[in-house]
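Have the structure open as you read.

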Amino acid sequence: MTGQAFITAQNHGYGIDSQSLPPGWSPLFVNANDGTNEGIMHNTKPIFTAQFHPEAKGGPTDTEFLFDAFIAMIKKGEKESIFSVMPKKADIPQRPQVSKVLVLGSGGLSIGQAGEFDYSGSQAVKAMKEENVRTVLMNPNIASVQTNEVGTKQADSVYFLPVTPQFVTEVIKAERPDGILLSMGGQTALNCGVELFKSGVLQQYGVQVLGTPVESIMATEDRQLFADKLTEINEKMAPSIAVETVGDALKAAEEIGYPVMLRSAYTLGGLGSGLCGSREGLEETARKALATSCQVLIEKSLLGWKEVEYEVVRDVADNCVTVCNMENFDPLGIHTGDSIVVAPSQTLSNEEYHMLRETAIKVVRHLGIVGECNIQYALHPSSLEYCIIEVNARLSRSSALASKATGYPLAFVAAKLSLGIPLPEIENAVSEKTTACFEPSLDYIVTKIPRWDLDRFHGMSREIGSAMKSVGR
């Protein structure tokens with residue numbers, strides 16, 4: 001009825017043949033993967049059934065609303081129908097009409113930004129080709145999968161140019177694409193896209209941003225906007241203040257109380273961030289951070305809390321799935337890139353897992369993400385208290401790890417979603433029979449262990465912290 005898809009706990013002993021229903025009865029739910037019946041309803045009387053577990057004690061809580069529907073029907077009797085209490089159909093925007101798309105790569109190879117985004121871009125080009133959309137790839141990394149012989153055969157045009165507003169503008173002038181993908185090239189591509197949007201270049205040449213709107217990207221990257229967005233839906237971050245000068249950073253720290261965590265906006269790999277236990281330490285860290293970023297966030301330190309991430313996918317029809325979650329071996333205070341990461345999480349209870357899953361979907365919907373993103377949490381080690389650290393509205397290192405761990409091709413699916421294709425209409429790349437609208441079974445365990453090339457960086461401090469130092473894993 002609504003076109004929405006829900007993730008449910010399943011226990012099929014039998015199924016009803018929808019074709020055999022007597023007059024007055026209709027299917028209520030249909031399995032998106034095999035077309036089998038998942039529930040029926042009476043067209044005029046307050047009666048309905050579900051062939052799954054809406055109580056969700058062992059799993060997702062997506063269909064808890066059925067209990068609200070049941071209570072509403074009891075109170076109002078035959079005057080109430082299931083139609084009036086079902087979630088309303090999402091307003092699905094028209095699919096973007098694009099024939100040529102500019103895919104931004106990750107920029108020059110650097111520590112913390114390399115192969116993961118190479119993988120993302122390659123998958124995006126492959127997905128666009130499947131949908132008969134021509135691609136223009138900008139990537140200065142000559143020795144990469146995207147730009148080797150296989151990659152150049154996939155993309156229609158490849159430009160070995162820096163991913164900067166100036167060069168991207170020149171490519172737009174020459175190629176005249178009608179769409180641009182920002183989420184496949186890490187922080188470099190994202191920042192570049194935001195600048196092009198703000199300067200009016202994209203509007204001037206009629207280039208539409210595919211997937212997550214730029215306004216949503218800015219809401220996740222600007223620390224103050226992000227905090228305001230979370231407040232709107234009563235979700236919590238650590239107490240924090242966004243500032244743009246060293247003096248304001250010191251005032252903010254006095255207000256919050258030491259120790260504080262400093263985080264930079266619009267940066268990758270925790271660049272410039274750090275835990276500051278004193279005024280002197282904060283002054284030095286803030287000066288360095290503001291040399292590379294226009295804004296920093298001073299927040300209360302949650303050192304010692306668990307750090308957990310969820311990879312979330314959302315389509316234009318408001319369908320959401322959490323493809324993978326992972327947990328840092330080290331507590332909060334060590335950057336994910338410098339920590340051993342385990343997927344799926346090993347120390348979360350069922351209650352904690354689903355509490356954070358529900359929150360992730362709620363936040364991603366409110367932010368208006370279209371495609372893939374990851375949300376990072378700080379979770380108190382001995383209670384259900386949590387804080388949202390950040391949302392990355394793009395593919396990331398974690399996305400590549402999640403794709404390998406689960407077999408779910410996040411970048412490929414995200415590229416299709418950016419073209420306005422709903423999740424139930426995208427084929428599961430593994431089975432080639434079911435849809436991409438599912439959450440992989442937790443039947444795997446994967447660890448990511450960082451690697452430091454310390455012999456190449458003489459004189460470097462060997463202490464790890466909130467700014468990433470590893471070169472890979």
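## Salt bridges across the chain

Glutamate 425 and arginine 95 form a salt bridge, with their closest N and O atoms 2.7 Å apart. Glutamate 425 sits in the loop between α14 and β17 (446-448) and arginine 95 in the loop between α2 (82-85) and β3 (100-104), so the pair ties together parts that are 330 residues apart in sequence. A salt bridge here is a side-chain nitrogen of Lys or Arg within 4 Å of a carboxyl oxygen of Asp or Glu. Helices (H or I, at least four residues) and strands (E, at least two) are DSSP runs, numbered from the N terminus. This is a predicted model, in which local features need pLDDT of at least 70 and side-chain atom pairs count only at pLDDT 80 or more, while totals for chains, interfaces and linings use all residues. Residues are numbered from 1 along each chain as its sequence is written, and side-chain values use heavy atoms, leaving out hydrogens and water.

The structure holds 13 salt bridges. One of them joins aspartate 62 to arginine 357, with the closest N and O atoms 2.9 Å apart. Aspartate 62 is in the loop between β2 (37-42) and α1, and arginine 357 is in helix α12 (residues 350-367), 295 residues apart. Asp62, Arg357 and Glu439 are linked in a network of salt bridges.

## Burial of the partners

How do these side chains differ in cover? Buried means under 20% relative accessible area, exposed over 50%, and partly exposed in between (1.4 Å probe, protein chains only). Glutamate 425 is exposed at 53%, and arginine 95 is partly exposed at 37%. Aspartate 62 is partly exposed at 22%, whereas arginine 357 is buried at 1%.

## A pair within one helix

Arginine 287 and glutamate 283 also meet in a salt bridge (3.4 Å, N to O). They are four residues apart in helix α11 (residues 279-292), and so are separated by about one helical turn.

Methionine 184 lies in the loop between β6 (179-181) and α6 (186-199). Is methionine 184 buried or exposed? Methionine 184 is buried, with a relative accessible area of 0%. Beyond residues up to four places away in sequence, methionine 184 touches (heavy atoms within 4.5 Å) several residues, including Ser120, Ala411, Ala414 and Ala415. Serine 120 is 64 residues from methionine 184 in sequence, yet 5.4 Å away in space, C-alpha to C-alpha.

Helix α14 (residues 410-418) is mostly covered, with nine of its nine residues buried. Glycine 420 follows α14 and has a positive phi, near 85°.
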